[in-house]
Amino acid sequence: MGEFTSGFFMPDQATNGRVLVVDDEADIRKVVRMTLQKAGYDVLEAENGEKAIETINAGENRLLLDVVICDIRMPKINGVEAIAYFRSNYPRVPVIVLTGFPDTDMATSMLRQGVVDYLVKPVEGEKLREAVARAMEQRELAHL
Amino acid sequence: MKHLTDSAVVSTIAPVRVAILGAGRGGTALLDLLHQIPSIEIVGITDRDLQAPGIQRARDLRIPVTDQAEELVRTHGLNLIMDVTGDPAMERFIQSHKRPAADVLSGSAARVLWELVRHEAKLQAELFHAEKLASIGSFAAGIAHDINNPLQLIMGLAENLAEETDLKTVHEQARDIVEAVRRTSAISRDLTQYARKTSARDDAMVALNGRLDEALKIARYATSFHDITVRRDYQPDVAARGNQDELVHVFVNLITNAVHAMERGGGTLTLATRMSRDGVTVSISDTGCGISPDISGQIFEPFFTTKDPGKGTGLGLYNVKTIVTKMHGKIDVESLVDRGTTFTITFPPATETPS
């Protein structure tokens, strides 16, 4: 139950929203999934920017993906490039950065590009859920 | 025109032929310095004690060793006798046996020379350490990444354990936490070991494959290895005489440069070791941007850098070359723009097995 590792989705299941977690470390994707599933979110995973772009472009994700949580330091397409892609192709989807490196310049530049939150690992589960909830509200506002 | 003639004369002039008496610390330091200078020929070294450190070093360097001080002092065509025994009887011995044409450096003159050599070695070591510390500054991003990721895992698992009721999951996640803590503590261990001042202990036979692997681990903090394939092409049991801390730093420098050269688009990093009768080679190759021919002559010069101001010290390859030369090795570079670069270090053949 609730195990979505690809774009697979059960439409009849009650959900608070669909979140894509982009991180090259499987461990991080695992705990973020665990943390968010507790708050009733469906979680999709991608291990780099390239996979993340594939995932958001796959079928119903184009319409149903609500929030992206994205790391910066990743192989293939890195976080900065992936986020630029999301912002220009899916401006309705809020992006949260979750990174291991507290870098003020990077944070400023990301927030300027419309990223809604810049979180530095390790982040407490509650803080992460709050950030996702805030992002969900912003997405709904964007729909109005 | 005159200048050209002069330099032609200089290059054909016979080397200064030197004999060293005394193979203790002073003799060893002189040996290490003088044998690097092409215009000096060391005709031999002697000591009452044939187990003295300088005697072993001379053997490694293929410099003649003798226990016949008189014979050495009387060598034909000898220009200079360097007496670092500090023994007044030796001075008298030399004066009564040497040929008239040979100059003698002994007593406090020899002592001052030795102090200069030691001072130079100390400055070199400080420069080396300063550059190493400066390079560790660039590790910040890598360290933060490698510490904060396991911390995130620990945080998530611990939060879950506070509510988890399934005993099997509890056990599994507790084990994952222990594993993550181990990974994190390994980082501080690796780095503190690397950052410490180079140990002053004597040179020993160093197993090169292990040191390359250690350097690879450290270099991962210095730079991102994303989209880099690492190929390790090691011949077993390859060793060279040197200081292992310095060697690790040499390898970290070359590996980091290689990965930086492949920043755009990734590539393959190849580490290879070979041993033959002619010597031991370590080569570090990348498939990156290459070094343009108009700067390839300068890369080993101090303060030469292609990086932006504030990014590189310009001392990395300079220190690499200094250490390799000190180990009686040489370093060569082959590079093609947009194809890649190979640095090859060649050490003299090993005479012992690694300790």
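Buried means under 20% relative accessible area, exposed means over 50%, and partly exposed lies in between, with a 1.4 Å probe and protein chains only. The model is predicted, so that local features need pLDDT of at least 70 and side-chain atom pairs count only at pLDDT 80 or more, while totals for chains, interfaces and linings use all residues. Residues are numbered from 1 along each chain as its sequence is written, chains are lettered from A in the order in which they are written, and side-chain values use heavy atoms, with hydrogens and water left out.

**View 1. The aromatic pair Tyr85(A) and Phe86(A).** Rings of Phe, Tyr and Trp (its six-membered ring) pair if their centres lie within 6.5 Å, and planes under 30 degrees apart count as stacked, over 60 as edge-to-face and the rest as tilted; by this rule there are 3 aromatic pairs over all chains. The ring centres of Tyr85(A) and Phe86(A) are 6.4 Å apart and their planes stand at 75 degrees, so the pair is edge-to-face. Phe86(A) has a relative accessible area of 0% and is therefore buried, whereas Tyr85(A), at 24%, counts as partly exposed.

**View 2. Phe300(B) with Phe343(B) and Lys321(B).** Phe300(B) and Phe343(B) form an edge-to-face pair, with 6.2 Å from centre to centre and 90 degrees between the planes. Phe300(B) belongs to the loop between strand S10 (279-286) and helix H11 (316-326) of chain B, and Phe343(B) to strand S12 of chain B, so that the pair links distant parts of the chain, 43 residues apart. Both Phe300(B) and Phe343(B) are buried. Lys321(B) lies over the face of Phe300(B), at 5.1 Å from the ring centre, where a charge sits over a ring if NZ of Lys or CZ of Arg is within 6 Å of the ring centre and within 35 degrees of the ring normal.

**View 3. The packing of H1(A) and H7(B).** Helices (H or I, at least four residues) and strands (E, at least two) are DSSP runs, numbered from the N terminus. Helix H1 (residues 26-37) of chain A and helix H7 (residues 140-161) of chain B pack at an angle of about 30 degrees with their axes 9 Å apart, the axes being lines fitted to C-alpha atoms over the stretch in contact and the angles running from 0 to 180 degrees between N-to-C directions. Contact means heavy atoms within 4.5 Å, and the residues of H1(A) that meet H7(B) include Ile28(A) and Val31(A).
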